[in-house]
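Student: I have not seen this structure before. Could we go through it by question and answer?

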Number of protein chains: 2
Amino acid sequence: MNKTPAPKVSARGPVDHEVRDQIVAAATEHFRFYGYEKTTVSDLARAVGFSKAYIYKFFESKQAIGEMICANCLDEIQTEVKAAIDAVDSPPEKLRRMLKALVESCLRLFFQDRRLYEIVSSAASGRWPATLVYEDFIEQSIREILQLGRQSGDFERKTPLDETTRAIHLIMRPCFNPLLLQHGLDTTDEAPVLLSSLILRSLSP
Amino acid sequence: MNKTPAPKVSARGPVDHEVRDQIVAAATEHFRFYGYEKTTVSDLARAVGFSKAYIYKFFESKQAIGEMICANCLDEIQTEVKAAIDAVDSPPEKLRRMLKALVESCLRLFFQDRRLYEIVSSAASGRWPATLVYEDFIEQSIREILQLGRQSGDFERKTPLDETTRAIHLIMRPCFNPLLLQHGLDTTDEAPVLLSSLILRSLSP
DNA sequence: TGAGTGACCAATATGTATTATGGTCACAAA
DNA sequence: TTTGTGACCATAATACATATTGGTCACTCA
């Protein structure tokens with residue numbers, strides 16, 4: 001569903017190589033079915049038809065493979081959120097859609113690909129690079145919507161942009177951070193609408 | 001530091017009995033030092049000078065003892081928060097103080113009594129009664145402050161009280177729920193002030 | 001009658017011997 | 001040079017026998 005988008009980190013050997021993609025594909029499949037822990041590097045090697053040692057020509061560790069898969073998951077979420085934001089023009093509506101899409105994407109991952117969710121979760125716990133990019137993306141998206149809204153006159157302009165951005169980021173955190181999300185699943189129905197409304201009230205000029 | 005305030009749940013045998021208090025005291029001490037898991041019921045029995053079987057005349061399980069200790073921790077937090085709220089008159093300031101006190105109390109528990117924090121944490125995870133009372137207390141406190149602020153004209157009155165209450169509760173959640181708190185320790189400095197400010201902006205008439 | 005207990009059981013935790021796994025490297029074939 | 005591997009090692013996971021622990025109950029002694 002996702003072609004490896006960018007090498008990013010912890011790659012090794014030929015960057016653009018068919019076998020690398022095969023490994024990623026096999027890993028995605030195996031991790032999704034059996035989970036990260038239960039999948040051995042030998043399993044992946046067998047799946048792509050090469051020896052275990054060959055895997056290590058492309059990835060410097062099993063975790064590096066996990067990070068790649070994790071990055072793909074997070075990329076997918078980012079793409080969906082971006083699409084939701086771009087689908088409308090009004091900044092308040094952008095903000096509502098953003099939070100809605102964010103929650104929906106995360107929940108889908110949680111309920112439909114629990115095993116992959118666990119990887120993302122431990123990635124967040126270990127502060128893997130991909131999760132930092134993800135957090136940055138969220139914060140940047142918020143900031144951009146705020147700037148748009150301030151230009152259009154939809155949002156107040158007194159509070160420093162960084163402060164507002166940071167505060168909204170904090171509020172949204174339990175909706176997109178896997179570690180927090182799993183402890184508030186019971187509130188995920190009401191959260192997006194309640195929170196957007198409150199945030200938007202706080203932004204009124 | 002806390003005399004067993006109310007029997008509440010899962011008690012057994014004589015409700016008001018010296019030995020019960022001794023058990024609670026011993027349990028608090030042991031749990032604080034060695035943690036819930038590492039403390040055996042026999043340890044507690046030895047500490048109070050009776051046999052293990054006698055412990056079970058007062059508590060129906062080891063977990064029931066844990067719940068008692070947990071309830072005491074949460075009671076302490078509630079007392080502190082209540083004091084912080086009552087210390088000032090202006091509703092906006094009440095709200096600021098409430099969140100500040102909440103975060104400080106929780107962090108103190110986390111950093112100074114890690115072992116007890118773990119109990120509270122697993123209590124939240126297992127939805128033990130004491131944590132439900134705690135959550136109710138938070139929500140009720142928010143609601144009361146909101147009502148006061150609406151009467152005094154400090155807060156807007158258009159949004160349904162329940163909706164605002166719920167939304168603020170959701171926002172504060174990562175600050176007082178042990179399961180969420182431990183994943184956002186890096187943001188606990190800025191969180192109270194940023195969040196209070198945003199919330200108060202959203203409440204302006 | 002009620003305070004208090006030792007002996008006992010099922011289930012969980014712990015220590016340990018063994019296996020499986022992540023990871024490397026020298027080397028081979030193409 | 002590039003593609004690819006089997007043999008190898010240290011560490012982590014597993015499996016299993018043993019020891020602890022949570023919890024009960026019949027019973028004793030004021």
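Student: How far does the pLDDT of chain A go, on average?

Tutor: This is a predicted model, and in chain A 94% of the residues score at least 70. Residues 1-8 of chain A stay under 50, and the model has nine contacts beyond four places in sequence for them. Over chain A, the average pLDDT is 92.

Student: Which residues come nearest to DNA strand C?

Tutor: There are 15 residues around DNA strand C. Helix 2 (41-48), helix 3 (52-55) and helix 4 (62-86) of chain A, and helix 3 (52-55) of chain B, each supply at least two residues of this surface. The nearest are Thr40(A), Ala53(A), Lys62(A), Phe50(B) and Ala53(B).

Student: How do the residues of the surface near DNA strand C divide by class?

Tutor: The surface draws on helices of chain A and on helix 3 of chain B. Its residues divide into eight nonpolar, five polar and two charged.

Student: Which residues come nearest to DNA strand D?

Tutor: Around DNA strand D there are 15 residues, divided into eight nonpolar, five polar and two charged. Helix 3 of chain A, with helix 2 (41-48), helix 3 and helix 4 of chain B, each give at least two residues to this surface. Those that come nearest are Phe50(A), Ala53(A), Thr40(B), Ala53(B) and Lys62(B).

Student: How are helix 1 and helix 4 of chain B oriented to each other?

Tutor: Helix 1 (residues 18-34) and helix 4 (residues 62-86) of chain B pack with their axes 10 Å apart, at an angle of about 80°. Angles of 65 to 115 degrees count as roughly perpendicular. Helix 1 of chain B and helix 4 of chain B are therefore roughly perpendicular.

Student: Which residues of helix 4 of chain B meet helix 1 of chain B?

Tutor: From helix 1 of chain B, the contact takes Ile23(B), Val24(B), Ala27(B), Thr28(B) and Phe31(B). By class, the contact between the two helices has seven nonpolar, one polar and no charged residues. On the side of helix 4 of chain B, the residues are Ile65(B), Met68(B) and Ile69(B).

Student: Which helix gives the most to the side of domain 1 of chain A that touches domain 2 of chain A?

Tutor: The domain assignment of chain A gives domain 1 (18-63) and domain 2 (67-203), with centres 31 Å apart over C-alpha atoms. The contact takes nine residues from domain 1 of chain A and eight residues from domain 2 of chain A. On the domain 1 side, six residues come from the helix that gives the most, helix 1 (residues 18-34) of chain A.

Definitions and conventions: Residues numbered from 1 in each chain as written. Chains lettered and ligands numbered in written order. Predicted model: local features only at pLDDT ≥ 70, side-chain atom pairs only at ≥ 80, totals over all residues. Near = placed C-beta within 6 Å. Helix = DSSP H or I, 4+ residues; strand = E, 2+ residues; numbered from the N terminus. Nonpolar A, V, L, I, M, F, W, Y, C, P; charged D, E, K, R; others polar. pLDDT = per-residue confidence, 0-100. Contact = placed C-beta atoms within 7 Å. Axes fitted to C-alpha atoms, helices over the stretch in contact; angles between N-to-C directions. Parallel < 35°, antiparallel > 145°, perpendicular 65-115°, else oblique. Domains from an automatic or database assignment.
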